[in-house]
Amino acid sequence: MVVGGGHNGLVAAAYLARAGRSVLVLERLAQVGGAAISRQVFEGVDVRLSAYSYLVSLLPDRIVDDLGLEVRLADRAVASYTATTRNGRPTGLLVERDEGPATASSFRQLTGSDREFAGWQRFYGRLTTLAEDLAPTLTEPLLSPDELAGRLRDPELWHDLRERPLADVVADHLTDDVVRGIALTDGLIGTFADVHADDGLAGRCFLYHLVGNGTGRWRVPVGGMGAVTGAMATAARRGGAELVTRATVTALEPTADGVTVHWTDDEGSTAAVEAGHVVCGAAPTVLAELTGSDPGPRPSGSQVKINMVLARLPRLRSGADASAAFAGTFHVDEAAGQIDAAYAQAAAGRLPEVIPFEVYCHSLSDPSILGPVERATGFHTLTLFGLHTPAELFREDPVGTRREAVRRVVVQLDAHLEEPLLDCLARDATGEPCLQAASPLDVEESLAMPGGHIFHGDLAWPVAAAPDEVGTWGVATSHPRIVAASSGGTVRGGAVSGLGGYAAARHLLDPR
């Protein structure tokens with residue numbers, strides 16, 4: 001039995017079914033895919049948006065090849081564009097996917113010399129080496145920290161990321177406030193962390209965002225995120241797995257030789273099925289509740305997600321080409337000082353006055369998500385992801401706080417546009433602007449992710465935390481017949497990777 005039909009549950013089901021196991025997947029929602037789905041969000045607008053997760057980096061090529069996944073991931077020509085002002089003049093920093101003269105010139109114009117670009121190249125060159133060495137270990141049994149360090153060409157960087165504040169590691173290479181902020185954001189996606197702390201939280205998030213497939217590149221899923229999990233579901237069914245939707249698991253009763261799984265359908269009918277093993281793709285908090293254990297502190301997500309459909313791309317005050325700037329990750333108010341200020345305000349219980357955020361346009365890289373009319377008339381999508389907005393800030397007034405967060409980021413984005421964002425938004429069938437926002441509490445309600453935490457909890461370093469974990473797959477729970485597969489319940493997870501599901505399947509098929 002697989003509890004939860006998200007990407008990890010589907011990957012586990014596909015591997016186990018292909019190996020000849022009898023597999024039943026139970027998914028609470030009406031469709032499988034979890035947070036990695038596509039849907040038509042706005043009535044009368046034929047655009048399939050990636051509703052929650054939206055880019056792919058950590059999904060290993062090995063899983064794609066093993067399962068024969070028919071998935072296309074498109075590279076973005078632009079890695080990022082950062083809109084800012086310098087000496088009172090609107091400007092920006094362009095970073096190409098393959099950094100060339102345009103990137104060097106952009107650094108020079110922003111910072112006044114070539115030194116910052118040289119530091120950038122040195123830092124990301126070291127990170128590329130680390131990614132190349134570390135990525136293959138993510139689909140192997142867990143190594144000890146010393147074993148892993150012995151396989152790295154740059155163990156010093158691995159040590160620094162684990163032992164030092166992320167802000168200090170970045171400052172070793174970069175000096176400009178805006179440039180340092182661009183680097184620091186990768187340690188804060190969905191994670192409420194102080195980049196100056198030595199607790200490793202930001203460092204772990206940063207690492208997972210930079211190591212995917214040995215390149216760290218974030219690619220666009222052609223057809224939207226639903227195409228990725230759709231391919232995983234197809235692989236599971238092709239192997240013989242049965243996928244049941246609208247099935248809410250209510251309890252797990254472990255025994256010496258199996259687990260009794262209790263569940264209900266959307267009509268209130270109940271069932272109990274005996275399984276030899278259970279693979280749990282739900283968050284550790286949910287697993288604890290299902291087994292009657294103490295769930296401990298509840299996770300807290302830290303993001304505002306806004307989906308938009310535009311009738312046209314807005315023009316930029318800097319004069320940069322909007323079709324290039326929005327094709328990559330478009331950074332707004334994510335300078336290092338702004339990140340620090342936002343963290344301090346959120347930690348004090350206040351919605352940040354200036355919310356650091358980033359935006360990207362899926363349809364520039366993949367117009368297939370647009371309907372024929374929308375494509376012909378120049379429609380585009382925008383996805384906005386805000387940082388340092390923990391769930392606790394929304395609990396007293398969920399709707400009002402979410403509305404205020406939207407107002408603030410729209411004002412902040414407008415500061416870099418020649419025309420108001422709201423004037424560029426498409427309208428749905430009722431005439432309303434095509435803008436949908438979700439706080440962590442909205443994510444929790446929709447997806448049953450405790451606290452709306454997109455990783456189900458704090459990420460772990462991708463190594464064994466104790467000697468008895470070395471050589472295992474890092475998915476064991478306190479119940480021998482229940483195996484974890486979620487991002488937060490396994491040692492290696494995070495983002496749409498399938499790593500949790502892969503490790504859960506390997507644990508059952510190749511026990512160590």
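The dialogue below goes from the overall fold to strands and then to charges.

Trainee: Where do we start?
Mentor: With the kind of model: this one is predicted. Its protein chain holds 19 helices and 19 strands.

Trainee: What is the radius of gyration of the protein chain, and what does the globule rule give for 512 residues?
Mentor: The chain comes out at 22 Å, close to the 24 Å from the rule, so it is as compact as a globular protein of that length. Along the principal axes, the C-alpha atoms fill a box of roughly 70 × 60 × 45 Å.

Trainee: How should I read a sheet? For instance, what is the order of the open sheet of five strands?
Mentor: Follow which strand pairs with which. Here the order is β9-β2-β1-β13-β19, and the pairing is parallel. At the edges stand β9 (242-244) and β19, each with a single partner strand, so one side of each has no neighbour in the sheet.

Trainee: How many bridges join β1 to β2?
Mentor: Two, linking residues 2-3 of β1 with residues 24-26 of β2. Val-3 is placed opposite Leu-26 of β2.

Trainee: And do β6 and β7 run parallel or antiparallel?
Mentor: Antiparallel: eight bridges connect β6 (residues 78-86) with β7 (residues 89-96). Val-78, for example, has Glu-96 in β7 as its bridge partner. The two strands make a hairpin with two residues between them, and Asn-87 in the turn has a positive phi of about 60°.

Trainee: Which other strand is joined to β6 by four bridges?
Mentor: That is β15 (residues 329-332), and the two run parallel. Ser-80 faces Thr-329 of β15 there. As you look at the strands, keep a general idea in mind: in a regular strand, side chains alternate between the two faces of the sheet.

Trainee: What about charges?
Mentor: Side chains of opposite charge can pair when their charged atoms come close. The count here is 22 salt bridges. One of them joins Arg-86 and Asp-176, with the closest N and O atoms 3.2 Å apart. Arg-86 lies in β6 and Asp-176 in the loop between α7 (166-171) and α8 (177-184), so the pair ties together parts 90 residues apart in sequence.

Trainee: Which residues form a negative surface patch?
Mentor: Glu-163, Asp-198, Asp-199 and Asp-458.

Terms used: Residues numbered from 1 in each chain as written. Predicted model: local features only at pLDDT ≥ 70, side-chain atom pairs only at ≥ 80, totals over all residues. Heavy atoms only, no water. Patch = residues over 30% accessible without salt bridge, like charges linked within 9 Å, V, L, I, M, F, W, Y side chains within 5 Å. Areas by Shrake-Rupley, 256 points an atom, 1.4 Å probe, with all protein chains shown as cover. Salt bridge = Lys/Arg side-chain N within 4 Å of Asp/Glu carboxyl O. Lys, Arg positive; Asp, Glu negative; His and termini not counted. Charge placed at Lys NZ, Arg CZ, Asp CG, Glu CD. Pairing = 2+ DSSP bridges. Rg over C-alpha atoms; globule rule 2.2 N^0.38 Å.
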